[in-house]
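We start with its overall division, then turn to the ligand and to the packing of helices.

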Amino acid sequence: MTGSGFIYTGHPSRVVFGFGTTAALPDEMARLGTRRALILTTPAQEAQGQRLADLLGEATVGVFAGAVMHTPVDVSDLAADRARQLKADVVVAIGGGSTTGLGKAIALRTGLPQIVLPTTYAGSEMTPILGETSGGQKRTQTTPKVLPQVVIYDIDYTLDLPVALSGTSGINAIAHAVEALYARDTNPVINLMAVEGIRALVRALPAISSDPHNRTARADALYGAWLCGICLGSVGMALHHKLCHTLGGTFDLPHAETHTLMLPHALAYNAPAIPEAMALLRTVLGPDPAQALYALGHAVGAPTSLEALGMPETGIPRAVDLALANPYWNPRPLERDALTALITRAHTGAAPI
Ligand code: NAD
C-alpha cells in the first residue's frame, strides 16, 4: 500500500488516558483558557455530571442533563441557548455517543470548545462527524467545527458500563476499524491503528463479559475504542455503516446492537473483494474473521437477530431498497439478491456465509 501512495489526515485533539484522569479536568479547562463550563449528560448519567460540577466548583455554570439518542435539533437548539444565557465558554460532555453528539451540536451553533469524557466505546469523540435528526430524518455532516479539543478517557467510568452495552458498544467500535481497513481512502497509519484497536477489543470484550470490573480488560477496551474512533473519523465507511444507518433510522433499532449484528454479515459480503484487509484481519481474528465476529457477538451475549431487535420480516425488501439508494462507496458492488440474502440471514440470526 505504501508504494501506491496515500493521504493521511490527522485530526488535532488532545487525549488524556488512564484511571482517575477526571482529576485533570480543571487543568485541561485552564489550558484552553476557559473558566465557565456547561456540563452535558443524559438523564441517566446526571449524577456523574453533578460530580464533575462539584469537582469544578465555581468553574461550572450549569448542568444540562437532557442529551438523548439521535441528537434531535430541538434539544440541541435548547442546549445552545442555555450555553449562551449562562455565558459558558466551554462544554464538558460526559457520556456515550448521544451526549458527545449534543456537545458537537452546541459547538456547531456557538463555536464553543469541547472537552469530552467518554463512558462508552462508540468513538464519536474522535470524529469530525455530527448526525442530527429533525422530522424523523437523520442528516450527517463532517466539519472540523465539531471535533472536540480535549478528550479525557477515564477508565473508571467504564467499570460500571453495563455488561450488555459493553459488548455491543465494543463491537460497534470494532466495526469502525474493520471498515477502515478496506476504505477507499485507507492508508498504512490507519491500518496500524485499526489492527491494534481490534486486537485490544477482541482480547478485552470476553474478559469483561465474565468479569465487568477487570481493570486490565477495561483499560484495553477503552484504548481499543479510542483507536477505532480515530479510524472512523479519518477514512470513509462502507456497506456495514450504510446498512446500520438505514436499519437503525428506518426501524428505530438500537445503535450498538445493530452494529454487532450486521458486522459479520457485511464483512462476509465484502470478503471476496478485500484480500489485503482480510489478511490483516486474520492476524487478529483467526482464519475466518466473519465467523469470529459472529462468535464474539454470541460470547458477549448480544441480541442474535434483527427480529429480536424488533425489525419486522416484512421490512426486509424496504431495507434492501434503502441500502441500494444513495449507496456509500463499497469494495464489492451492491447486488440486490445478495443483499436480500444478507439482511434475511441477519434477521433470522443465521451465521454469515
Ligand atoms: P448512548 O450515548 O446513547 O448511551 C446509551 C445509554 O447508556 C444512555 O442512557 C447513557 O446515559 C448510558 N451510559 C453511557 N455510558 C454509561 C456508563 N458508563 N454507565 C452507565 N450507563 C451509561 O450510546 P452510544 O452507543 O455510546 O452512542 C450512540 C449514539 O452515538 C448514536 O446516536 C450514534 O449515531 C452516535 N455516534 C456518533 C458517532 C459520530 O462520529 N458522530 C460515532 C459513534 C456513535
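## Two domains

The C-alpha centres of domain 1 and domain 2 lie 26 Å apart. Domain 1 covers 14–158 and domain 2 covers 163–348, with bounds that come from an automatic or database domain assignment. This is a predicted model, where local features need pLDDT of at least 70 and side-chain atom pairs count only at pLDDT 80 or more, while totals for chains, interfaces and linings use all residues. Residues are numbered from 1 along each chain as its sequence is written.

Domain 1 puts 14 residues into the contact and domain 2 puts in 18 residues; two residues are in contact if their C-beta atoms, placed from the backbone, lie within 7 Å. On the side of domain 1 that touches domain 2 there are 8 nonpolar, 4 polar and 2 charged residues. Here Ala, Val, Leu, Ile, Met, Phe, Trp, Tyr, Cys and Pro count as nonpolar, Asp, Glu, Lys and Arg as charged, and the others, Gly among them, as polar.

## Around the ligand

Which residues come nearest to the ligand? Of the 29 residues around the ligand, they are Gly96, Gly97, Ser98, Thr120 and Ser124. A residue counts as near if its C-beta atom, placed from the backbone, lies within 6 Å of the molecule. The shell around the ligand divides into 10 nonpolar, 18 polar and 1 charged, and it draws at least three residues from each of domain 1 and domain 2.

Helix 4 gives the most to this shell, with 4 residues. Helices (H or I, at least four residues) and strands (E, at least two) are DSSP runs, numbered from the N terminus.

## Helix 7 and its two partners

Helix 7 (residues 188–210) and helix 11 (residues 275–285) have axes that come within 9 Å and cross at roughly 30°. That makes helix 7 roughly parallel to helix 11, a label for angles under 35 degrees, with over 145 counting as roughly antiparallel, 65 to 115 as roughly perpendicular and the rest as oblique. Axes are lines fitted to C-alpha atoms, for helices over the stretch in contact, and angles run from 0 to 180 degrees between N-to-C directions. On the helix 7 side, the contact is made by Asn191, Val195, Ile198, Arg199 and Val202, and on the helix 11 side by Leu280, Thr283, Val284 and Leu285. By class, these residues are 6 nonpolar, 2 polar and 1 charged.

Helix 7 also packs with helix 8 (residues 215–234), at an angle of about 145° and with the axes 7 Å apart. Among the residues that meet are Ala194, Gly197 and Leu201 in helix 7 and Ala221, Gly224 and Cys228 in helix 8. The contact of helix 7 with helix 8 holds 17 nonpolar, 3 polar and 4 charged residues.

## Helix 9 against helix 10

The axes of helix 9 (residues 239–251) and helix 10 come within 8 Å and cross at roughly 140°. That makes helix 9 oblique to helix 10. From helix 9, residues including Leu243 and Leu247 meet residues of helix 10, Met262 and Ala266 among them. The contact of helix 9 with helix 10 has 8 nonpolar, 6 polar and no charged residues.
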